[in-house]
Structures are given as structure tokens and as C-alpha cells.
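Student: I have a new structure open and I'd like to learn how to read it. Could you take me through it feature by feature?

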Amino acid sequence: MNQRIIGLDYGSKTVGVAVSDPLGFTAQGLETITRKDENKLRKTYARIEALIREYEAEKIVLGYPKNMNDTMGPRVEATLEFKEKLERRTGLPVHTFDERLTT
């Protein structure tokens, strides 16, 4: 069964995008979506939706930026808001992934 996954790293001015191979075993970086203002996300969402269609992705994995001491900082709150909007706009499940100690 082929199931591509879109991986996102949500930052204050950029969103890093990766896509899995058709079997979901490996992922390759695709692009970095940039924006001038942290809260101006319309074009960012539109680009993510276009990539989902292009790669026929069936789910999204979103980096979850917890602090090393396991606390939640302001980026976590922003990431969860981004997650909710992505789910509403795309209709796809968005799974968070603890990105501590990852590259």
C-alpha cells in the first residue's frame, strides 16, 4: 500500500517540508516555505495543500517543539494552533512528533 506522508517543521518565519517515499520508509526534504510575517499564513497553507495534492499525501507529521526539560513553550502553543488549522483546511490527520534530539 502506498501512503505518502508530508513532514512539516513549523517555525516563526518558515515551514520546512519533507515528503516520504511511496512506502513511507524514508523522507526527503522538499523545500522551505518562507513568509515575511509570522501570522501571515494564507500562502503557506495554500502551498502545503498544493504539495499534498501533488504527492497524494494521506497524512501529515508536524514537529512538536517541546523544551528539553519537557515543558511547553510558546512555540508549542503556536504549533498546536497551526495543527488545528491544517486539519480543518486539508481534512487530513496531523500527527505531532517530539522533535527533541532530532536533526
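Student: Which residues do ring pairs link into a cluster?

Tutor: Rings of Phe, Tyr and Trp (its six-membered ring) pair if their centres lie within 6.5 Å; planes under 30 degrees apart count as stacked, over 60 as edge-to-face and the rest as tilted. Here, ring pairs link Tyr10, Tyr45 and Phe82 into a cluster. Before we go on, keep in mind that this is a predicted model, where local features need pLDDT of at least 70 and side-chain atom pairs count only at pLDDT 80 or more, while totals for chains, interfaces and linings use all residues. Residues are numbered from 1 along each chain as its sequence is written, and side-chain values use heavy atoms, with hydrogens and water left out.

Student: How many aromatic pairs does the structure hold?

Tutor: It holds 2. In one of them, tyrosine 10 and phenylalanine 82 are stacked, at 4.1 Å centre to centre with 10° between the planes. Tyrosine 10 sits in strand E1 (residues 4-10) and phenylalanine 82 in helix H2 (residues 74-90), so this pair ties together parts that are 72 residues apart in sequence. As for those labels, helices (H or I, at least four residues) and strands (E, at least two) are DSSP runs, numbered from the N terminus.

Student: And what about tyrosine 45 and phenylalanine 82?

Tutor: That aromatic pair is stacked too, with tyrosine 45 and phenylalanine 82 at 5.4 Å centre to centre and 20° between the planes. Tyrosine 45 belongs to helix H1 (residues 42-55) and phenylalanine 82 to helix H2, so the pair ties together parts 37 residues apart in sequence.

Student: Is phenylalanine 82 buried or exposed?

Tutor: Buried means under 20% relative accessible area, exposed over 50%, and partly exposed in between (1.4 Å probe, protein chains only). Phenylalanine 82 has a relative accessible area of 1%, so it is buried. Tyrosine 45 is buried as well, at 5%, and tyrosine 10 is also buried.

Student: Let's look at helix H2. What span should its 17 residues have?

Tutor: The expected span of a helix is 1.5 Å times one less than its number of residues. For the 17 residues of H2 that gives 24 Å, and its end C-alpha atoms are 24 Å apart, which agrees.

Student: Which residues in H2 are buried?

Tutor: They are Val76, Thr79, Phe82, Lys83 and Leu86. These residues cover an arc of only 120° around the axis, which puts them on the same side of H2. The arc is that of the directions from the helix axis to the C-beta atoms. The general idea is that an α-helix has 3.6 residues a turn, so residues three or four places apart point the same way. On the face turned away from the buried side of H2, you'll find the exposed residues Pro74, Glu77 and Arg88.

Student: What do the buried residues of H2 pack against?

Tutor: Contact means heavy atoms within 4.5 Å. The buried residues of H2 pack against E1, strand E2 (14-20), H1, strand E4 (57-64) and strand E5 (94-98). After H2 comes glycine 91, whose phi is positive, near 75°.

Student: How many bridges join E1 to E4?

Tutor: Two strands pair if DSSP finds at least two bridges between them. E1 and E4 run parallel and are joined by 5 bridges, and isoleucine 6 stands opposite isoleucine 60 in E4. E4 also pairs with E5 in the parallel sense, over 5 bridges, with leucine 62 opposite threonine 96 in E5.

Student: Last topic: how many salt bridges does the count come to?

Tutor: A salt bridge is a side-chain nitrogen of Lys or Arg within 4 Å of a carboxyl oxygen of Asp or Glu. By this rule, the count comes to 4. One of them joins the side chains of glutamate 31 and arginine 47 (2.8 Å, N to O). Glutamate 31 is in strand E3 (residues 27-34) and arginine 47 in helix H1, 16 residues apart, so the pair links distant parts of the chain.

Student: Where do glutamate 49 and arginine 89 lie?

Tutor: The side chains of glutamate 49 and arginine 89 meet in a salt bridge (3.0 Å, N to O). Glutamate 49 lies in helix H1 and arginine 89 in helix H2, so the pair ties together parts 40 residues apart in sequence. Glutamate 49 counts as buried at 17% relative accessibility, whereas arginine 89 is partly exposed at 39%.
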